[in-house]
Amino acid sequence: MHRFANPGQFLRLSGAVLPWVSAGALVLTAIGLVWGLFFAPADWQQGDAVRIMYIHVPAAWLASAGYMALAVCSALSLVWRHPLADLAAVEIGPVGAGFTAMCLATGSLWGKPTWGAWWVWDARLTSVLVLFFLYLGHIALVRAFDDPVRGYRAGAILALVGVVNLPIIKFSVDWWNTLHQPDTITLTGAPSMYIAMLWPLAFSTLGYSLAFAAIVLARTRAAVMERRIRGLLMARAASQEPAP
Amino acid sequence: MTNLPYVAASYALGVLIPAGFALAAFLRVGAARRRLAAIDPRARPGAGPRLRRGGVR
């Protein structure tokens with residue numbers, strides 16, 4: 001794993017993988033969204049508002065999965081002090097916050113016609129809002145120190161503490177009596193969803209997941225190159241300083 | 001289509017937010033690559049197969 005986490009190796013591998021991941025993201029997301037918007041059936045109770053699901057569910061999945069990725073990078077950073085894990089964690093934060101905001105906004109747009117309210121202080125909604133604040137806290141904390149390494153350490157600790165929120169999000173609909181519906185798709189049971197709705201959801205979820213990966217890969221590539229630029233400029237400035 | 005404004009707003013967010021992130025990320029990569037090539041001759045496109053493909057170590 002350390003071999004693949006070498007910055008040069010990472011640039012080579014990510015450069016080869018990125019065009020394919022980006023193309024896959026574009027194609028699968030387009031198929032999922034067009035299918036969901038024009039060809040999937042409307043719900044007998046919710047009408048066409050159910051089509052918001054093809055955006056909302058992938059965004060919700062990626063809000064949690066992105067945070068898990070952030071926590072894994074933070075653990076790698078704290079245990080092995082690997083600079084690439086630090087850079088990846090810093091770059092995952094804003095993307096995860098963006099997808100969490102998308103989840104909250106589309107949930108609100110779905111809640112208004114379905115529940116009659118833009119927002120309720122329901123356990124699921126509130127725990128996802130807490131996740132959004134954790135992302136914002138991480139973004140602010142890693143940039144709050146003059147010494148970037150101290151910022152990475154503080155951000156990593158915050159990210160690991162915040163992991164406790166992920167099972168709360170997952171099980172909030174079981175532990176509390178919530179307005180938000182329970183999970184329709186689980187790992188253990190058959191999905192309680194009409195198959196004509198399940199396929200476009202699978203395409204959009206896979207497409208958005210690839211898009212998330214492509215964005216994080218591209219941002220991390222840029223961060224590695226920017227760090228190299230800073231290193232070269234500092235080395236050049238040091239070599240031009242007159243000897244005391 | 002019922003609830004059209006809500007569906008349209010959701011799809012607009014679902015396209016614009018990831019597209020914005022993607023565009024910003026790819027512009028940032030391009031800018032970093034150009035800047036690196038300007039200050040590091042080894043990272044320039046004609047600098048040999050290993051560095052041309054891999055960029056930097």
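**Exercise 1. Describe the fold of chain A in this predicted model.**

Solution. Start with the order of elements: read along the sequence, chain A runs α-α-α-α-α-α-α. Next, count them: there are seven helices and zero strands. Then take the dimensions: the C-alpha trace spans about 80 × 35 × 30 Å along its principal axes. Finally, turn to packing. Of the 244 residues in chain A, 42% count as buried. Take the contacts between residues at least 6 apart in sequence: 74% of these join residues at least 24 apart.

**Exercise 2. Determine which elements of chain A give two or more residues to the side that touches chain B.**

Solution. First, size the interface: 36 residues of chain A are in contact with 29 residues of chain B. Second, assign elements: α1 (7-39), α3 (83-115) and α7 (195-240) of chain A each give two or more residues to this side. Third, find the main contributor: α7(A) gives the most, with 14 residues.

**Exercise 3. Check the span of helix α1 of chain B, then work out what its buried residues pack against.**

Solution. Helix α1 of chain B covers residues 4-39, which is 36 residues. The expected span is 1.5 Å times one less than the number of residues, so this helix should span 52 Å. Its end C-alpha atoms are 52 Å apart, which agrees. Now list the buried residues of α1(B): among them are Tyr6(B), Leu13(B), Pro18(B), Phe21(B), Val29(B) and Leu36(B). The buried residues of α1(B) pack against α1, α2 (53-80), α3 and α7 of chain A.

Key: Residues numbered from 1 in each chain as written. Chains lettered and ligands numbered in written order. Predicted model: local features only at pLDDT ≥ 70, side-chain atom pairs only at ≥ 80, totals over all residues. Helix = DSSP H or I, 4+ residues; strand = E, 2+ residues; numbered from the N terminus. Buried ≥ 20, exposed ≤ 12 C-beta atoms within 10 Å, placed from the backbone. Contact = placed C-beta atoms within 7 Å.
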